[in-house]
Amino acid sequence: MAAGEGFPPALQDAWGDFWLFRFFVNAAGYASIVVPGFLLIQYFKRKNYLETGRGICFPVIKSCVFGSEVKSAHPDDGSLPPRAEPAESSTARQVLKLLFCAAGLQASYLTWGVLQERVMTRTYGATETDPGEKFKDSQFLVFMNRILAFTVAGLYCALTKQPRHGAPMYKYSFASLSNILSSWCQYEALKYISFPTQVLAKASKVIPVMMMGKLVSRKSYEYWEYLTAALISVGVSMFLLSSAPHRHASTVTTFSGVVLLAGYIVFDSFTSNWQDALFTYKMSPVQMMFGVNVFSCLFTVGSLLEQGALLESLRFMARHSEFAAHAVLLSVCSACGQLFIFYTINQFGAAVFTIIMTLRQAFAILLSCLIYGHTVTVVGGLGVAVVFLALFLRVYARSRMKKRSKKLPPGETPAQKV
């Protein structure tokens, strides 16, 4: 920082606005927490603290480093509570529940998407004489989302009965770190690409998820999964390569945007596969949400304080009350959306949830085009249609596979790992 004082302010601002520079600065902030934590964990393991430790700190260290329970024999045990059976409920009541879940998911995530694009691509405080200013620190938005999700998950765990927790707490940090980085890439990418492009990139993340599944969890996949992944790739390519004669400036896809999207997909794919591996410990999804967000809050607030960005972001909120409202609403939508996810899967299963969220992605593209004026060509529209057709084919094929596996004799199991 002292050496940087010799550079002109304009050059310092240019470096500060460069996404790769900010990425490494954020990563250095996370490393200042991760490296000492790693050394402490190794120290306690080498000293066999579980056998020799005593004192008031022993329960905390045991929970954080060693955990209190062995893994479940089956990965599916404890990952989700038993899905509510609708046998005793009337059809009308089930329809109302489904409408409630669909409306909650659509409202939460469509509002979240619209606000996300507003915060990252538009200015605040603009007048006839003043062009206003943009909010630049994506990490602060990640922190806002995580602090509210941590609070909601903590209250839910405190007020409801949960499985006895046994996973070493430090294992949540891996998923937390990749989750923070994926969210940061997601926010930063909107500075360089259009929101519809980002939504399609999210839809195509099944491809790296499959690759990570083979690397991390040694999963095997059926032919239809590879086929739908190929269709998604074709659809996304059609959308990205299509061009309109008078394309809106905000819809231009840049190299930086593509790199950030790739970073988002890779980090998010690791997060889902690591969380899947963590579910071999008996825990509920809300406990997972709480554990991951504990570390997310720790990492982001530590990095923001080290950079001095926390106070600067708070001052921006004080200058622009509209931004403060948007940031808080973003966090509320994110936290409520996660709770709707758990409730929908518990009540209706993963297939219904996937259909609702796939429709939400299509609505998000349409809403963004209507509100922010993005243009989509005929070829691009066909690409979007191919992507969502492939997603619905995945849902249909997966549900057929599950029905077929239920009809198998007791001694047989399907070759596919879902």
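Reader: In which helix is the place of L141?
Author: The model is predicted, so local features need pLDDT of at least 70 and side-chain atom pairs count only at pLDDT 80 or more, while totals for chains, interfaces and linings use all residues. Residues are numbered from 1 along each chain as its sequence is written, and side-chain values use heavy atoms, with hydrogens and water left out. Helices (H or I, at least four residues) and strands (E, at least two) are DSSP runs numbered from the N terminus. On that basis L141 belongs to residues 138-159, which form helix 6.

Reader: Does L141 count as buried or exposed?
Author: Buried means under 20% relative accessible area, exposed over 50%, and partly exposed in between, with a 1.4 Å probe and protein chains only. L141 has 1% relative accessibility, so L141 counts as buried.

Reader: Which residues is L141 in contact with, leaving aside neighbours within four places in sequence?
Author: Contact means heavy atoms within 4.5 Å. With neighbours within four places set aside, the partners of L141 are V119, M120, F135, Y187, F323, A327 and L330.

Reader: What separates the C-alpha atoms of L141 and S183?
Author: Along the chain, L141 and S183 are 42 residues apart. The separation of their C-alpha atoms is 9.1 Å.

Reader: Why does S313 count as buried?
Author: S313 lies in helix 13 (residues 309-319). Beyond residues up to four places away in sequence, S313 touches F135, D137 and F140. S313 is buried because its relative accessible area is 3%.

Reader: At what angle do helix 2 and helix 12 cross?
Author: Axes are lines fitted to C-alpha atoms, for helices over the stretch in contact, and angles run from 0 to 180 degrees between N-to-C directions. The axes of helix 2 (residues 19-46) and helix 12 (residues 285-307) come within 8 Å. The angle of their crossing is roughly 115 degrees.

Reader: How many nonpolar, polar and charged residues has the contact of helix 2 with helix 12?
Author: Helix 2 contributes V25, N26, G29, Y30, S32, I33 and V34, and helix 12 contributes L298, F299, T300, G302, S303, E306 and Q307. Ala, Val, Leu, Ile, Met, Phe, Trp, Tyr, Cys and Pro count as nonpolar, Asp, Glu, Lys and Arg as charged, and the others, Gly among them, as polar. By class, the contact of helix 2 with helix 12 has 6 nonpolar, 7 polar and 1 charged residues.

Reader: How many Å apart are the axes of helix 8 and helix 11?
Author: Helix 8 (residues 195-203) packs against helix 11 (residues 255-278) at an angle of about 35 degrees. The contact is made by T197, Q198, A201 and K202 of helix 8 together with L261, Y264 and I265 of helix 11. The distance between the two axes is 10 Å.

Reader: Where is the place of N48?
Author: N48 is a residue other than glycine, and its phi has a positive value near 55 degrees. At 40% relative accessibility, N48 counts as partly exposed. Its place is in the loop between helix 2 and helix 3 (49-52).

Reader: How many helices and strands has the protein chain?
Author: Over residues 20-44 the chain is 100% helix and 0% strand, and residues 379-397 are likewise 100% helix and 0% strand. For the protein chain, the numbers are 16 helices and 0 strands.
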